[in-house]
Amino acid sequence: MTAAGTARPRVVICGAGFGGLWAARTLARSLAHADADVLLIDRNNYHTFFPLLYQVAAAELSPSDIAYPVRSILRRSRVRFRMGEVTAVDLAGRTLTVDGEAVPYDQLVLALGSVPNDFGVPGAAEHAFFFRWMHDAIPLREHVLARFERANVEKDPDLRRRLLTFVIVGGGPTGVEYAGALAEMVYGPIVRDYPDIAARESRIVLVEATGRLLGAMPEHLGAYAADRLRRRGVEVRTGTTVERISATEVRLAGGEAVPTETAVWTAGIKGDPRVAEWGLPVGRGGRVPVLPTLQLEGQPEVYVVGDLALLAEDGEMLAQVAQVAIQQGKHAAENVARRLRQLPPRPFRYNDLGVMAVIGRNAAVADLRGKTFRGFPAWMLWLGIHIAWLIGFRNRALVLINWAWNYISFRRAVRLILPSGRRSPNGS
Ligand SMILES: Cc1cc2nc3c(=O)[nH]c(=O)nc-3n(C[C@H](O)[C@H](O)[C@H](O)COP(=O)(O)OP(=O)(O)OC[C@H]3O[C@@H](n4cnc5c(N)ncnc54)[C@H](O)[C@@H]3O)c2cc1C
């Protein structure tokens with residue numbers, strides 16, 4: 001009999017993102033039916049391919065192109081799925097609370113990802129659009145499109161300017177990618193579809209606190225990204241911090257106010273603050289420190305992976321990126337299986353494949369194991385890698401068709417403003 005009171009040991013994986021899903025798939029392949037019951041839990045019934053989320057926000061792709069139902073992924077596997085919100089973890093009692101119900105475990109993999117970090121900037125939580133989940137991207141898309149409809153009938157030039165100004169906070173890959181995609185949309189299909197709005201009336205401002213864009217990449221790639229964005233009409237403001245955000249302006253350090261109804265926050269992430277309430281240790285960035293085996297110290301039956309895990313290698317914290325989460329998810333699953341077979345766990349070692357970011361049509365940057373690429377070759381690499389990593393043939397085919405259509409026609413396929421029922425952060 002196990003701690004969970006069942007005949008078979010019970011392995012529970014929380015989160016069907018990159019870490020959790022790859023852990024589940026690895027266990028599905030490696031465990032025989034009699035070894036354990038494996039349960040994957042997520043608050044959503046789908047897995048999201050976050051690297052393309054900005055394309056949903058920029059009306060390039062539909063939500064269903066980058067999301068895939070978890071049950072379909074796990075079909076014909078022995079892993080069971082439960083849709084539900086994990087609201088508590090009782091480490092001593094080896095039990096989770098999921099939608100108010102106790103769920104026991106013998107081994108647990110926590111892969112709950114991260115939440116936006118607004119660094120306490122006043123007004124950010126209330127008025128900025130965060131860029132973390134699918135349910136952030138869709139209202140942002142609709143809000144941006146609705147600004148053009150409103151500006152189209154607005155006579156007051158100051159109000160028009162405010163409606164048509166978009167401020168993106170954070171010059172990392174997400175901020176750069178969204179700024180590039182927004183510029184392509186605003187100065188391309190939008191300008192053509194709104195004959196009463198002049199291109200010069202729109203303004204896209206990318207604000208970055210450090211001295212350069214894409215801080216995790218070599219400096220020349222950050223400079224290339226800034227140059228390309230500027231050529232595409234984006235105002236790149238490096239070395240600039242945001243002091244306050246309201247429903248009608250973004251105030252920069254030094255007192256400059258940028259009138260806008262659209263502030264998009266891509267400046268940072270942190271661990272879910274609830275993990276501290278659940279009694280897990282919390283380190284830098286709200287992340288949970290783990291041993292090299294990805295286990296919690298003193299709690300060998302608990303593994304933490306992906307954005308939530310804090311682990312250093314060669315003196316540097318591992319980044320919060322998809323490859324780290326995928327590799328850690330697989331590794332934690334292998335250690336779960338080893339523990340079931342009474343074998344000692346193995347330490348994790350990250351195989352860094354590199355980083356890349358796309359600026360828009362024909363322009364991207366990539367740093368792959370020290371080899372850098374930019375422009376068209378990097379863009380082709382980016383396209384190929386992202387298609388390869390998408391889950392499901394249907395999604396790959398749809399994304400390819402959409403990209404080809406956008407590329408040939410200079411249009412955006414998903415420019416619908418739907419009555420979503422969600423209010424945007426500034427109440428409009
Ligand atoms: C907009 C955006 C763009 C990105 N672009 C890139 C990129 O180009 N390249 C790259 O390498 N990385 C990128 N990343 C980072 C990458 O997506 C993350 O590092 C990766 O998703 C982390 O995997 P994870 O499994 O830790 O968390 P996630 O993939 O975030 O998964 C966490 C899962 O847990 C679920 N969950 C959370 N809390 C609960 C709860 N309490 N109860 C139930 N379920 C819960 C969530 O629904 C989610 O499915 C991007 C991230 C974002 C947000």
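User: How do the residues of the shell around the ligand divide into nonpolar, polar and charged?
Analyst: This is a predicted model; local features need pLDDT of at least 70, side-chain atom pairs count only at pLDDT 80 or more, and totals for chains, interfaces and linings use all residues. Numbering runs from 1 along each chain as its sequence is written, and side-chain values use heavy atoms, with hydrogens and water left out. Ala, Val, Leu, Ile, Met, Phe, Trp, Tyr, Cys and Pro count as nonpolar, Asp, Glu, Lys and Arg as charged, and the others, Gly among them, as polar. The shell holds 13 nonpolar, 9 polar and 6 charged residues.

User: Which residues around the ligand come nearest?
Analyst: A residue is near if one of its heavy atoms lies within 4 Å of the molecule. Of 28 such residues, the nearest are Gly19, Asp42, Val86, Arg132 and Asp307.

User: How far is an oxygen atom of the ligand from an N or O atom in the side chain of aspartate 42?
Analyst: A polar contact is a pair of N or O atoms within 3.5 Å. For asparagine 44, a polar side-chain atom lies 3.4 Å from a ligand oxygen. For the aspartate 42 side chain, the value is 2.5 Å.

User: Are H12 and H13 roughly parallel or antiparallel to each other?
Analyst: Axes are lines fitted to C-alpha atoms over the stretch in contact, with angles from 0 to 180 degrees between N-to-C directions. The axes of helix H12 (residues 376–389) and helix H13 (residues 393–409) cross at roughly 150°. Helices are DSSP runs (H or I, at least four residues), numbered from the N terminus. Angles over 145 degrees count as roughly antiparallel, so H12 and H13 are roughly antiparallel.

Definitions and conventions. Helices (H or I, at least four residues) and strands (E, at least two) are DSSP runs, numbered from the N terminus. Angles under 35 degrees count as roughly parallel, over 145 as roughly antiparallel, 65 to 115 as roughly perpendicular and the rest as oblique. A polar contact is a pair of N or O atoms within 3.5 Å; within protein, one must be able to donate a hydrogen and the other to accept it, and residues adjacent in sequence count only if both atoms are side-chain atoms.
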